[in-house]
Amino acid sequence: MGSGTVEEMREWVEYMTSDSNSTLAQMRRMNGREKPWRVKYFGVGNENWGCGGNMTAEYYSDLYLRYATYVRNFSGNRITKVANGPSGRDVPFMDTLVRNAHRQADAFSMHYYVLPGADWNAKGDALNFPESEWFSVMQQTYQVEDLIKDYIAILDEVDPNRRLDLYVDEWGTWYDQAPDAPSALYQQNTIRDAVSAALFFHIFHEHADRITMGNIAQVVNVLQAMILTRDDRMLLTPTYHVFEMYKIHQGAKHIPLDVNSPAYTCTTANEPPTNPSASFKTDANSDKSWSNQVDAISASASLTAEGMINVSLVNASPTESYLVELAFEGLDLTKANGRVLSAERIDAHNTFDDPEAVQPQVIRNLMTVANTIQITIPPASVSAVTAH
């Protein structure tokens with residue numbers, strides 16, 4: 001939408017998905033693809049408020065209606081049309097977009113990046129950072145929930161029948177480029193990133209009735225990647241391990257939890273900048289009731305069709321361990337097992353010389369008593385427990 005025509009976009013959709021004998025379908029076959037692709041999702045534009053065209057919400061929503069009209073279904077392919085919402089906190093943009101474009105959309109997306117410094121010109125380092133920047137990452141990660149609630153409230157008002165979905169289709173941490181980085185968006189990945197990713201997951205779980213897609217921005221070698229490569233070597237990052245550990249929740253039913261958490265207080269936390277980058281808008285930048293406290297403990301639970309209970313736990317405090325007791329009314333638990341991802345340093349990470357420095361370990365201090373699970377979770381950690 002930033003540089004192409006409606007006709008060009010319509011032709012790409014036909015080229016990819018049509019099984020007819022049209023000129024474009026025949027061109028695809030000549031180029032080596034006999035059968036059409038099944039394209040399920042189509043983002044009509046991307047970051048149109050910035051690098052995708054520097055458009056206003058009014059202009060983009062009008063343009064979206066024009067372009068989306070020509071995103072057509074060919075040969076039985078059914079496309080989910082996605083309107084690209086704002087980055088960070090921009091409730092007016094999302095409100096205008098949803099109200100103007102909802103009849104031609106199936107979903108609305110949002111982007112949310114966490115920067116320790118909350119300033120694109122001084123984002124912070126991926127390694128060797130102070131506790132104040134650890135805290136900033138946790139604080140800004142938690143704050144995405146308030147933003148999600150604001151966006152869902154807009155959808156609920158415009159779409160009470162809940163046809164429309166919310167996609168958080170870019171999220172993650174973003175740091176300054178290191179001097180030895182092989183590319184501009186390459187960054188190391190620490191236990192801090194793993195804890196932040198787990199907090200994101202818990203927030204997505206709480207709103208899974210509207211959030212049906214949540215994509216970390218990149219997978220390999222870019223931003224909060226799950227995999228880093230160098231020449232013929234590869235390593236798995238702490239964030240990868242969180243993704244792997246949280247597979248226990250896939251396909252399960254969300255169990256609401258009442259969490260009573262102690263506060264994690266950072267005495268060295270920096271207040272939000274008074275003149276942040278206009279393109280990065282979060283509660284950390286706009287909320288006058290700034291605090292140097294967040295919940296230390298976050299938890300999420302699910303129930304499988306086979307009756308297994310899965311619980312994931314995050315300890316956002318980098319200094320304190322906690323004894324956690326999980327009580328499930330009406331159940332009699334007999335067995336539990338789990339793994340924990342933790343590290344002694346808040347910037348602990350895997351390297352090509354030591355690719356398994358940070359990896360999940362079996363939990364040794366897990367107990368079940370009647371309907372409760374008792375577990376001591378270490379500082380700066382993510383745990384995943386299964387019980388029955």
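**Aromatic pairs, sheets and buried residues**

Me: How many aromatic pairs does the structure hold?

Reply: There are 14 aromatic pairs in the structure. Please note that this is a predicted model.

Me: Take Phe135 and Tyr264. Why is that pair edge-to-face?

Reply: The ring centres of Phe135 and Tyr264 are 5.6 Å apart and the ring planes stand at 70°, so the pair is classed as edge-to-face. Planes over 60 degrees apart count as edge-to-face.

Me: Where in the chain are the two residues of this pair?

Reply: Phe135 belongs to helix α5, and Tyr264 to strand β9 (residues 263–265). They are 129 residues apart, and the pair thus links distant parts of the chain.

Me: Is Phe135 buried or exposed? And Tyr264, buried or exposed?

Reply: Phe135 is buried, its relative accessible area being 1%. Tyr264 is buried as well, with a value of 3%.

Me: Which residues form the aromatic cluster?

Reply: One cluster consists of Tyr112, Trp171, Phe200, Phe201, Phe204, Phe243 and Tyr246.

Me: One more ring. What lies over the face of Phe129?

Reply: Arg192 does, at 3.5 Å from the centre of the Phe129 ring.

Me: Changing topic to helix α4. Which of its residues are buried?

Reply: Helix α4 spans residues 91–101, and its buried residues are Phe93, Met94, Thr96, Leu97, Val98 and Ala101.

Me: Staying with β4, how many of its residues are buried?

Reply: Eight of the nine residues of β4 are buried, and the strand is thus mostly covered.

Me: In what sense do β3 and β4 pair?

Reply: The pairing of β3 with β4 is parallel and extends over eight bridges. Within it, Met110 has Val168 of β4 as its bridge partner.

Me: Now the open sheet of six strands. What is its order?

Reply: The strands follow the order β8-β11-β12-β18-β14-β15, with antiparallel pairing. The edges are formed by β8 (253–255) and β15 (361–362), each of which pairs on one side only.

Me: How many bridges join β11 to β12?

Reply: Seven bridges connect strand β11 (residues 297–303) with strand β12 (residues 309–315), and the two run antiparallel. Ile297 is placed opposite Asn315 of β12.

Me: What lies across β14 and β18?

Reply: Helix α7 (residues 238–245) lies across β14 (336–341) and β18 (381–387), and runs at about 160° to β14.

Me: And the open sheet of three strands, what order has that?

Reply: Its order is β13-β17-β16, again with antiparallel pairing. The edge positions belong to β13 (322–327) and β16 (367–369); each has a single partner strand, so one side of each has no neighbour in the sheet. The average twist from one strand to the next is 25°.

Me: How many bridges join β16 to β17?

Reply: Three bridges join β16 to β17 (residues 372–377), in an antiparallel arrangement. Thr368 faces Ile373 of β17 across the pairing.

Me: What do β6 and β7 form?

Reply: They form a hairpin, with two residues between the strands. Asp231, in the turn, has a positive phi of about 55°. Strands β6 (residues 227–230) and β7 (residues 233–236) pair antiparallel over four bridges, and Arg230 stands opposite Arg233 of β7.

Me: Next, Asn48. Where is it found?

Reply: Asn48 sits in the loop between β1 (41–44) and α3.

Me: Why does Asn48 count as buried?

Reply: The relative accessibility of Asn48 is 1%, so the residue counts as buried; the cut-off is under 20%.

Me: What lies 3.3 Å from a polar atom of the Asn48 side chain?

Reply: The backbone oxygen of Gly52 lies at that distance. Beyond its neighbours within four places in sequence, Asn48 is in contact with Met1, Gly53, Asn54, Met55, Tyr60 and Asn84.

Me: Last one, Leu24. Which helix does it lie in?

Reply: Leu24 lies in helix α2 (residues 23–30) and is buried, with a relative accessible area of 15%.

Me: With which residues is Leu24 in contact, leaving aside its neighbours within four places in sequence?

Reply: Those residues are Arg10, Glu11, Glu14 and Tyr15. As for Trp12, it is 12 residues from Leu24 in sequence and 8.4 Å away in space, C-alpha to C-alpha.

How values were computed:
Residues are numbered from 1 along each chain as its sequence is written. This is a predicted model: local features need pLDDT of at least 70, side-chain atom pairs count only at pLDDT 80 or more; totals for chains, interfaces and linings use all residues. Side-chain values use heavy atoms; hydrogens and water are left out. Buried means under 20% relative accessible area, exposed over 50%, partly exposed in between (1.4 Å probe, protein chains only). A polar contact is a pair of N or O atoms within 3.5 Å; within protein, one must be able to donate a hydrogen and the other to accept it, and residues adjacent in sequence count only if both atoms are side-chain atoms. Contact means heavy atoms within 4.5 Å. Two strands pair if DSSP finds at least two bridges between them. Axes are lines fitted to C-alpha atoms, for helices over the stretch in contact, and angles run from 0 to 180 degrees between N-to-C directions. Rings of Phe, Tyr and Trp (its six-membered ring) pair if their centres lie within 6.5 Å; planes under 30 degrees apart count as stacked, over 60 as edge-to-face and the rest as tilted. A charge sits over a ring if NZ of Lys or CZ of Arg is within 6 Å of the ring centre and within 35 degrees of the ring normal.
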